[in-house]
Amino acid sequence: MTILLDTHAFLWFVWDDPQLSVTARAAIKDPANRKLVSVASCWEIAIKAGNGKVTLGASADVFVPRELTRNGFQLLEITLAHATAVETLPQHHKDPFDRLLIVQARIEGLPIVSVDAAFDPYGITRIW
């Protein structure tokens, strides 16, 4: 199975944070699963590191690729179809990064690893 990690799921896994659920951690650790991290999450991490909302211990341009490689995660690029699909996405959730993750999950047919129940009205599978 291929899974998409929400930004916090990526960070919590990397940091071995106990906030990551047992189910989510198992899905990420499962060697049979292909794990994707969206470029949108990488952008969100860089913004949050830049404004001091997260501390990475290195610059985002070092931290993100290092942790992607270290954990065997692959990047999910943002396509034109992903970017434009946000226009017609119902306004259940306002966060622009999450909205992009939602359309990526919908278009690519991916379950998303996320604590965020605001994803549920969009008809995507959420692993938590």
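Which residues does Asn71 touch, not counting residues up to four places away in sequence? Asn71 touches Phe13 and Val14, where contact means heavy atoms within 4.5 Å. This is a predicted model, in which local features need pLDDT of at least 70 and side-chain atom pairs count only at pLDDT 80 or more, while totals for chains, interfaces and linings use all residues. Residues are numbered from 1 along each chain as its sequence is written, and side-chain values use heavy atoms, with hydrogens and water left out.

- Helices (H or I, at least four residues) and strands (E, at least two) are DSSP runs, numbered from the N terminus.
- Five strands form an open sheet in the order S3-S2-S1-S4-S5, and their pairing is parallel; two strands pair if DSSP finds at least two bridges between them.
- At the edges are strand S3 (74-76) and strand S5 (126-127), each of which pairs on one side only.
- Strands of a sheet pair through backbone hydrogen bonds, either parallel or antiparallel.
- Strand S1 (residues 2-5) pairs with S2 in the parallel sense, and this pairing runs over four bridges.
- On the S4 side, Leu4 stands opposite Ile112, and the bridge partner of Leu5 is Val113.

**Asn33, in a loop**

- Asn33 sits in the loop between helix H2 (22-29) and strand S2 (34-38).
- Its relative accessibility is 9%, so Asn33 counts as buried; buried means under 20% relative accessible area, exposed over 50% and partly exposed in between, with a 1.4 Å probe and protein chains only.
- Apart from its neighbours within four places in sequence, Asn33 is in contact with Met1, Ile3 and Ala27.

**Asn71, in a helix**

- Asn71 belongs to helix H4 (residues 60-71).
- With a relative accessible area of 24%, Asn71 is partly exposed.
- Asn71 and Gly50 are 21 residues apart in sequence, and their C-alpha atoms are 23 Å apart in space.

- Two packed helices are described by the angle between their axes and the distance between the axes.
- Axes are lines fitted to C-alpha atoms, for helices over the stretch in contact, and angles run from 0 to 180 degrees between N-to-C directions.
- The axes of helix H1 (residues 7-14) and H4 come within 11 Å and cross at roughly 70°.
- H1 is therefore roughly perpendicular to H4; angles of 65 to 115 degrees count as roughly perpendicular, under 35 as roughly parallel, over 145 as roughly antiparallel and the rest as oblique.
- In this contact, Phe10, Leu11, Phe13 and Val14 of H1 meet Phe63, Val64, Glu67, Leu68 and Asn71 of H4.
- The residues of the contact of H1 with H4 divide into seven nonpolar, one polar and one charged; Ala, Val, Leu, Ile, Met, Phe, Trp, Tyr, Cys and Pro count as nonpolar, Asp, Glu, Lys and Arg as charged, and the others, Gly among them, as polar.
- For H1 and H3, the axes come within 9 Å and cross at roughly 70°.
- That angle makes H1 roughly perpendicular to H3.
- Thr7, Phe10 and Leu11 of H1 make this contact with Ser41, Glu44 and Ile45 of H3.
- The contact of H1 with H3 has three nonpolar residues, two polar and one charged.

**Aromatic pairs**

- The structure holds four aromatic pairs; rings of Phe, Tyr and Trp (its six-membered ring) pair if their centres lie within 6.5 Å, and planes under 30 degrees apart count as stacked, over 60 as edge-to-face and the rest as tilted.
- One of the pairs is Phe13 with Phe73, which is tilted, at 5.8 Å centre to centre and 50° between the planes.
- This pair links distant parts of the chain, 60 residues apart: Phe13 is in helix H1 and Phe73 in the loop between H4 and S3.
- Phe13 counts as buried at 13% relative accessibility, and Phe73 counts as buried at 7%.
- Another pair is Trp43 with Phe97, whose ring centres are 5.1 Å apart and whose planes are at 80°, so the pair is edge-to-face.
- Trp43 lies in helix H3 (residues 39-50) and Phe97 in helix H6 (residues 96-108), so this pair ties together parts that are 54 residues apart in sequence.
- Trp43 counts as exposed at 51% relative accessibility, whereas Phe97 is buried, with a relative accessible area of 15%.
- Ring pairs also link Phe10, Phe13 and Phe73 into a cluster.
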